[in-house]
Amino acid sequence: MAKPNQPTQPPAKKSKKAVPMPKQEPKVRARNFNEVALGYSEEQALEEAARCLNCPKPQCVVGCPVELDIPAFIKLIKERKYDEAIKKIKEKNSLPAICGRVCPQEEQCQKLCVLGKIGEPTAIGRLERFAADYELKKGVDTPTLPTSTGKKVAIIGAGPAGLTAAADLAKFGHEVVIFEALHVPGGVLVYGIPEFRLPKKIVEAEVEYIKKLGVKIQTDALIGRLHTIEDLFKKGFDAVFIGTGAGLPQFMRIPGENLGGIYSANEFLIRVNLMKSYRFPEYDTPIRIGKKVAVIGGGNVAMDSARSALRLGAEEVCIVYRRSREELPAREEEIENAEEEGIVCKFLAAPIRFIGDEKGWVKGMECILMQLGEPDESGRRRPVPIKGSEFIMDVDTVIVAIGRTPNPIIQTTTKGLQTTKWGTIIVDEKTGQTSIPGVFAGGDIVTGEATVISAMGAGKRAARAINEYLMQKKS
Amino acid sequence: MYKIITKRELAPKIKLFEIHAPEIAEQARPGQFVIVRLHEKGERVPLTIAGYDRHKGTITIVFNEVGKTTKELGCLNNGDSILNLAGPLGNPSEIQKFGRVLVVGGGVMTAPLYLVAKALRDAGNELTVVVGARIKDLLIYEKEMKNIADEFYVTTDDGSKGQKGLDFLKELLSKKHFDRAVVMGPVVMMKTVSEITKPFSVKTIVTLTPIMVDGMGMCGACRVTVKGETKFGCVDGPEFDGHAVDFDELIKRQRVYLPEERVASVFYEKIGGCACGEA
Ligand SMILES: Cc1cc2nc3c(=O)[nH]c(=O)nc-3n(C[C@H](O)[C@H](O)[C@H](O)COP(=O)(O)OP(=O)(O)OC[C@H]3O[C@@H](n4cnc5c(N)ncnc54)[C@H](O)[C@@H]3O)c2cc1C
Ligand SMILES: Cc1cc2nc3c(=O)[nH]c(=O)nc-3n(C[C@H](O)[C@H](O)[C@H](O)COP(=O)(O)OP(=O)(O)OC[C@H]3O[C@@H](n4cnc5c(N)ncnc54)[C@H](O)[C@@H]3O)c2cc1C
Ligand code: SF4
Ligand code: SF4
Ligand code: FES
């Protein structure tokens with residue numbers, strides 16, 4: 001083990017460790033909503049880029065869902081050709097400032113990096129973020145627009161899948177209109193992932209870029225109610241892409257779940273992020289956060305909820321998860337961040353009942369302890385309740401972050417659209433084509449809850465297929 | 001941006017707006033609602049559609065000034081605009097020929113109920129209409145409702161006009177057979193009417209108004225218990241079977257943000273309220 005405060009190694013010898021990400025101090029950041037990770041300086045980026053071996057057969061690329069040419073862009077950073085580096089990235093990824101921040105890199109590109117075999121892998125995501133932030137600071141070039149094809153495509157949902165499909169279709173020369181149900185575009189990027197992990201001005205800048213490509217965005221437009229997909233074809237659209245995400249929160253169906261003070265993670269995060277209730281009463285939407293907060297679940301959504309609750313002034317925030325630490329599905333980096341900030345975890349426990357006060361506000365949560373049994377379908381060991389181990393936790397706020405399912409409005413209002421029993425839309429994997437000709441889908445609405453980059457990958461594939469479909473169709 | 005075309009005051013603190021929103025007007029049906037957001041810092045507030053004109057491309061809302069957002073809304077005038085208007089949301093009211101229908105409206109919700117009642121009458125139903133309010137000055141849509149009713153009653157909590165309270169409904173129900181009851185109004189009133197109709201086995205449809213955030217099935221703030229099951233008011237409703245709703249839970253859930261709402265309202269008035277000096 002390296003001793004702390006060791007002098008930095010001579011630059012000639014490459015470190016086995018990645019250059020650490022500069023961050024706000026845990027004590028300070030636990031009480032503000034500013035971004036936690038501050039981003040590499042130029043020197044840090046150069047030092048980290050120098051670690052990459054520019055492998056001739058790079059494994060990292062295999063791990064990236066959009067097959068970013070990683071060695072090429074890192075080489076350009078080494079050569080200080082930042083403009084070219086970002087151009088290289090944007091050939092494959094139209095939202096790099098976002099992916100560099102929120103991709104689960106340790107599960108994707110970095111997992112397969114050769115350096116990982118002898119030490120830490122190249123910090124690909126951090127370098128990607130560096131190049132993207134460099135460009136945002138400098139001002140993004142307006143792309144040259146291709147000649148119009150005269151074809152019109154409607155995109156439903158302005159999350160990562162819809163935005164990516166829109167950008168690529170505009171680059172092909174089609175007229176693109178995005179219909180977004182909420183009052184701002186961005187999907188989970190604006191209503192779910194908190195400011196301290198992904199500043200909203202970054203999302204705004206990426207959306208601005210997509211608008212510069214000629215894409216029109218109509219907000220307040222819930223498709224299925226305002227227009228059906230059939231209506232869209234009648235209005236002159238030649239193809240439709242559905243990217244409506246997995247936005248319906250799940251509950252546990254246990255007694256007391258509708259007491260005051262019990263939020264779905266979606267409600268909690270929508271209030272905080274989208275409606276900016278952390279700035280109430282300057283902003284009109286209130287949020288009530290108590291002193292003792294329990295968050296149920298163990299994914300990114302649970303971490304984001306717990307860390308937001310802390311920032312809103314909760315005294316104690318406890319994550320209650322029914323498996324053990326090893327099984328936590330959240331990103332390692334975010335678990336560490338949460339722990340540094342003082343969030344505690346209660347593993348191998350699950351709530352069975354909520355107890356309310358006379359006003360109908362939650363005051364306690366009865367839990368039961370678990371032990372891990374045989375692996376279930378997901379390959380993780382199934383938690384089994386231990387009889388007689390019930391105990392009561394004092395809580396005054398509970399956030400339920402146990403997963404979300406597809407929003408059903410499109411499925412129930414579109415005749416002939418085939419879905420699975422989980423409500424996800426069935427598509428041809430290569431093209432994203434649904435059971436209705438000219439209607440494509442991708443992102444969480446097809447896969448169930450996944451990642452930003454996989455939703456973008458689906459948007460890209462569908463854009464290519466839609467382009468082919470439109471160019472073949474003579475009219 | 002959505003422009004206000006007409007503004008009228010129907011009763012103290014109850015206002016009617018006709019708003020230019022052609023796309024919504026084209027699709028709207030009785031019983032659906034919209035979500036309004038006034039400005040960049042605004043809250044998303046649900047209001048029921050009280051009318052639409054597909055030719056003019058307008059929808060009508062009628063609202064009660066109860067807190068910060070509705071007070072601020074009430075200060076807007078003809079020609080002013082609202083930043084966001086999403087809709088139509090929720091399931092339309094079930095309209096078909098039932099036979100004889102008891103229609104009961106309370107307070108501000110009498111306005112959207114008129115739209116539903118008109119559709120019920122056009123579908124061939126015979127209507128007994130009851131229009132109610134706390135006091136006589138707060139009664140709205142009396143004339144309109146009377147015009148489409150086969151039988152018409154007014155009720156006030158204090159008895160200042162018409163019947164006092166809702167007890168007279170029992171007599172009405174025991175004298176006549178009803179095939180259905182449709183109720184829109186304050187939750188407490190909907191609860192009372194549902195309790196009155198239950199022994200007579202008259203299917204009673206209520207429009208629930210839980211607190212909402214997105215209004216599109218994304219947050220679960222609007223969850224209500226119906227027949228022991230959790231439902232989302234915005235996508236499963238807003239209409240539900242009044243005999244199966246857990247009204248007491250709904251009443252508690254509606255009060256969740258009371259302290260914060262007061263803060264917002266006081267804060268708003270401190271910074272000057274609105275220019276019209278009514279806040
Ligand atoms: C709190 C949280 C944290 C996360 N953290 C990470 C992370 O760190 N890294 C990562 O890779 N992934 C993360 N994810 C997952 C990731 O955000 C999603 O997988 C991704 O956003 C899916 O993209 P999408 O475009 O399919 O859908 P969404 O982002 O859900 O966007 C769908 C959009 O469609 C709109 N819409 C829905 N229905 C309609 C309709 N009928 N008409 C019009 N518009 C409609 C919605 O309002 C929304 O804007 C996180 C998710 C959450 C909730
Ligand atoms: C589907 C639906 C349809 C509605 N239609 C209408 C309508 O047509 N006309 C109308 O005037 N109002 C309607 N409401 C109620 C309206 O949305 C609330 O009055 C409004 O949100 C109050 O906002 P505010 O900021 O002015 O007041 P706040 O400061 O938020 O609240 C002030 C007071 O109103 C109560 N309140 C808050 N939200 C609600 C709610 N959802 N239901 C009932 N009381 C509430 C609070 O408990 C408090 O006492 C509807 C609500 C729903 C859910
Ligand atoms: S997009 Fe994500 S997976 Fe691909 S290289 Fe960037 S960080 Fe890695
Ligand atoms: S595998 Fe690692 S070292 Fe090799 S090119 Fe990719 S990032 Fe560089
Ligand atoms: S208001 Fe959010 S789910 Fe109904």
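Helices of at least four residues and strands of at least two are DSSP runs, numbered from the N terminus. With that naming, the ligand sites of this predicted model can be described.

**Ligand 1**

Three helices of chain A each supply at least two residues of the shell around ligand 1: H9 (160-171), H14 (300-311) and H18 (452-472). H14(A) gives the most, with three residues. In total, 36 residues surround ligand 1. The closest are Val102(A), Ala161(A), Glu180(A), Arg197(A) and Asp444(A).

Does one chain build this site, or is the site shared? Residues from chains A and B surround ligand 1, so the site is shared between chains.

By class, the shell around ligand 1 holds 21 nonpolar, 10 polar and five charged residues. Polar backbone atoms also approach the ligand. One, from Ala181(A), is 3.2 Å from a nitrogen atom of ligand 1. Taken alone, ligand 1 exposes 1000 Å², and the protein buries 98% of that.

**Ligand 2**

The shell around ligand 2 has 23 residues. Pro46(B), Thr48(B), Val62(B), Asn64(B) and Thr70(B) come nearest. Four elements of chain B each supply at least two shell residues: strand S4 (45-53), strand S5 (58-64), helix H2 (68-74) and helix H9 (258-270). Which of them gives the most to the shell around ligand 2? S4(B) does, with four residues.

Domain 1 (2-89) and domain 2 (100-254) each provide at least three residues. The classes are 13 nonpolar, seven polar and three charged residues.

Gln254(B) reaches ligand 2 through its side chain: a polar atom there lies 3.2 Å from a nitrogen atom of the ligand. Taken alone, ligand 2 exposes 850 Å², of which the protein buries 86%.

| Ligand atom | Polar backbone atom of | Distance |
|---|---|---|
| Ligand 1, oxygen | Gly187(A) | 3.4 Å |
| Ligand 1, oxygen | Thr451(A) | 3.4 Å |
| Ligand 2, nitrogen | Thr209(B) | 3.0 Å |
| Ligand 2, nitrogen | Pro210(B) | 3.3 Å |

**Ligand 4**

Ligand 4 takes up the space of the second largest cavity. What classes of residue form its shell? Eight are nonpolar, one is polar and none is charged. Cysteines around ligand 4 include Cys52(A), Cys55(A), Cys60(A) and Cys113(A). Leu53(A), Pro71(A), Val114(A), Thr122(A) and Ile124(A) are also around the ligand.

Note on methods
Residues are numbered from 1 along each chain as its sequence is written. Chains are lettered from A and ligands numbered from 1 in the order in which they are written. This is a predicted model: local features need pLDDT of at least 70, side-chain atom pairs count only at pLDDT 80 or more; totals for chains, interfaces and linings use all residues. Side-chain values use heavy atoms; hydrogens and water are left out. A residue is near a molecule or strand if one of its heavy atoms lies within 4 Å of it. On a 1 Å grid over the protein atoms alone, a cavity is a set of points where a 1.4 Å probe fits but cannot get out, and a pocket is an open set with protein on both sides within 12 Å along at least five of seven lines; lining residues have an atom within 4 Å of a point. A molecule sits in a cavity or pocket if more than half of its atoms lie within 2 Å of its grid points. Ala, Val, Leu, Ile, Met, Phe, Trp, Tyr, Cys and Pro count as nonpolar, Asp, Glu, Lys and Arg as charged, and the others, Gly among them, as polar. A polar contact is a pair of N or O atoms within 3.5 Å; within protein, one must be able to donate a hydrogen and the other to accept it, and residues adjacent in sequence count only if both atoms are side-chain atoms. Accessible areas come from the Shrake-Rupley method with a 1.4 Å probe; for residues, only the protein chains shown count as cover. Domain bounds come from an automatic or database domain assignment.
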